[in-house]
Structures are given as C-alpha cells and as structure tokens.
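Please read the following note with the sequence and the model side by side. The points are numbered so that each may be checked in turn.

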Amino acid sequence: MEHVKTGIQKVGSGVSSAGSRVANLAKEHPTVAYATAGAILVPTVADIALPALGFTSAGIAGSSAASAVHSTIGNVAANALFAKLTPVGAAGPGGKVTVKLGAAGAAI
C-alpha cells in the first residue's frame, strides 16, 4: 500500500510542477498564453452560445433569438455578422468552421 501512496505523491508533485511551468510560460510569453487561451475559448464559446441563440445544425431554430433577428432584418447581406454565424451554427459543435474560429481566436 505504501507504493500506491508514493505513486500518488509523485503524480501530485508532477501536476504542481507542470502548473508552475505553465504559469511561468504565461508570464514570460504573454502572447503565447493569449493565443492559446483564444484558440481554446473562442470555439468553446461558439459551440455553446450559437445553438443557445438559435444557430443550429438544422438551420435557424424557430422561436429563437436568431429567428427573431432574422425576421427583423429580412434578406441578409453576404458580409453581415448574421450571415457569418449561420454556417458556424450549421456546422455544429467541432465543425470545420469552429476549428477556423479557434485559429482566429489564437490570432487575436
């Protein structure tokens, strides 16, 4: 049983050491830290927020915020934000467009 306790302590020490290294890297290279955070957060937020707003893989959900906006703007211009969000929602979580958003988030 002692070897299990020793193993757990080594794992805990390794996790703590990795956390310290990540924190030091973020302090030394804030651009890398921001790019990494953007690459993770932007697609995650898109995968959660867009379906909640009504941009779904089946299209614009009826009785959603997206459908309400669509009903007020009528025809959507190709370069409008609404037009850009529609294919992202249609791709669904983890879709190719979401991956591109991760790259864009990293570039921010």
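**Note on the predicted model**

1. Beginning at the N terminus, the order of elements in the protein is α-α-β-β-α-α-α. Helices (H or I, at least four residues) and strands (E, at least two) are DSSP runs, numbered from the N terminus.

2. This is a predicted model, in which local features need pLDDT of at least 70 and side-chain atom pairs count only at pLDDT 80 or more, while totals for chains, interfaces and linings use all residues. Residues are numbered from 1 along each chain as its sequence is written, and side-chain values use heavy atoms, with hydrogens and water left out.

3. Of the 108 residues in the protein, 15% are buried. Buried means under 20% relative accessible area, exposed over 50%, and partly exposed in between (1.4 Å probe, protein chains only). The protein exposes about 7400 Å², and 68% of this comes from carbon and sulfur atoms. Accessible areas come from the Shrake-Rupley method with a 1.4 Å probe; for residues, only the protein chains shown count as cover.

4. The largest nonpolar core has six residues: Ala46, Leu50, Phe55, Ala66, Phe82 and Val88. Helix 2 and helix 4 (81–91) are the elements that give two or more residues to this core. A nonpolar core is a set of buried Ala, Val, Leu, Ile, Met, Phe, Trp, Tyr and Cys residues joined through side-chain atoms within 4.5 Å.

5. Two residues of helix 2 may be examined next. Leu41 lies in helix 2 (residues 30–53) and is classed as exposed because its relative accessible area is 51%. Ile48 also belongs to helix 2; it is exposed because its relative accessibility is 59%. The C-alpha atoms of Ile48 and Gly89 are 9.8 Å apart, although 41 residues separate the two along the chain.

6. Is Ser64 buried or exposed? Ser64 is buried, because its relative accessible area is 13%. Ser64 is placed in the loop between strand 2 (59–60) and helix 3 (65–73). Apart from neighbours within four places in sequence, Ser64 is in contact (heavy atoms within 4.5 Å) with Leu53 and Gly54. A polar atom of the Ser64 side chain lies 2.5 Å from the backbone oxygen of Ala61.

7. Contacts along the chain deserve a final remark. Among contacts in the protein with a separation of 6 or more, 53% join residues 24 or more positions apart.

Note on methods:
A polar contact is a pair of N or O atoms within 3.5 Å; within protein, one must be able to donate a hydrogen and the other to accept it, and residues adjacent in sequence count only if both atoms are side-chain atoms.
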